[in-house]
Amino acid sequence: MRTNDLILRTTTILIAFILLAFSIYLFLAGHNAPGGGFIGGLMTSAAFVLMYMTYGYDQVKKIIPVNFRFMIPVGLLIAVLTGAGSFLFGEPFLSQTFAHLHHVPIFGEMELATAMIFDLGVYLTVVGITLTIILSIANDQ
């Protein structure tokens, strides 16, 4: 018998949106300020786990048809290739650089850093591992 969980379902929409927005902020701020791929990935995983707890595995899987196990090797590959990419320029492993782009439409001036590509690899790996572990434990009866 299901309980009346209208309040949980209603607030989950708002809370998951806030968690996802904050995780994107943490991810983007990571190369200049505290944050980055690891904590951004954990925040994203927390939002997904909240949705799975509220709506159930089958309903969320219909809306977000992502195989999180596939994210692990993709993230690791991105992180390793980013670190090894510095060898192409005669720099030590995991060296990073940045560039300023002027007059980018909508955004104006932007700074691009190679550390963000590495953070993307970490982000995908953390989301993949965290959700694979939690969903494996949750679906084990």
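**Figure 1. Surface of the chain in this predicted model.** The chain exposes about 9500 Å², and 74% of that area comes from carbon and sulfur atoms; accessible areas are from the Shrake-Rupley method with a 1.4 Å probe, and for residues only the protein chains shown count as cover. Of the 141 residues, 33% count as buried. Here buried means under 20% relative accessible area, exposed means over 50%, and partly exposed lies in between (1.4 Å probe, protein chains only). As for charge, there are 5 positive and 7 negative side chains, with the centres of the two sets 22 Å apart. Lys and Arg count as positive, Asp and Glu as negative, while His and the chain ends are not counted; each charge is placed at NZ of Lys, CZ of Arg, CG of Asp or CD of Glu.

A word on conventions: residues are numbered from 1 along each chain as its sequence is written, and side-chain values use heavy atoms, leaving out hydrogens and water. In this predicted model, local features need pLDDT of at least 70 and side-chain atom pairs count only at pLDDT 80 or more, whereas totals for chains, interfaces and linings use all residues.

**Figure 2. The fold, with five helices and two strands.** Helices (H or I, at least four residues) and strands (E, at least two) are DSSP runs, numbered from the N terminus; the radius of gyration is taken over C-alpha atoms, and the globule rule is 2.2 Å times the number of residues to the power 0.38. Along its principal axes, the C-alpha trace spans about 65 × 35 × 25 Å. Among contacts between residues at least 6 apart in sequence, 61% join residues at least 24 apart, where contact means heavy atoms within 4.5 Å.

**Figure 3. Aromatic pairs, with Phe48 and Phe68 in view.** A search of the whole structure finds five aromatic pairs. Rings of Phe, Tyr and Trp (its six-membered ring) pair if their centres lie within 6.5 Å; planes under 30 degrees apart count as stacked, over 60 as edge-to-face and the rest as tilted. The Phe48 and Phe68 rings have centres 5.7 Å apart and planes at 50°, so this pair is tilted. Phe48 belongs to helix α2 (residues 37–55) and Phe68 to helix α4 (residues 68–85), so the pair ties together parts that are 20 residues apart in sequence. Phe48 is buried at 13% relative accessibility, and Phe68 is buried at 5%.

**Figure 4. Phe87, Phe93 and the loop residue Leu94.** Phe87 and Phe93 make a tilted aromatic pair, 5.9 Å centre to centre with 35° between the planes. Phe93 is partly exposed at 46% relative accessibility. Leu94, in the loop between α4 and β1 (98–104), has a positive phi of about 65° although it is not a glycine. At 44% relative accessibility, Leu94 is partly exposed.

**Figure 5. Thr82 in helix α4 and Gln59 in helix α3 (residues 57–63).** Thr82 is buried, with a relative accessible area of 18%. Leaving aside neighbours within four places in sequence, Thr82 is in contact with Thr114, Ile117 and Phe118. Ile134 lies 52 residues from Thr82 in sequence and 28 Å away in space, C-alpha to C-alpha. Gln59 is partly exposed, at 41% relative accessible area, and its C-alpha atom is separated by 27 Å from that of Leu120, 61 residues apart along the chain.
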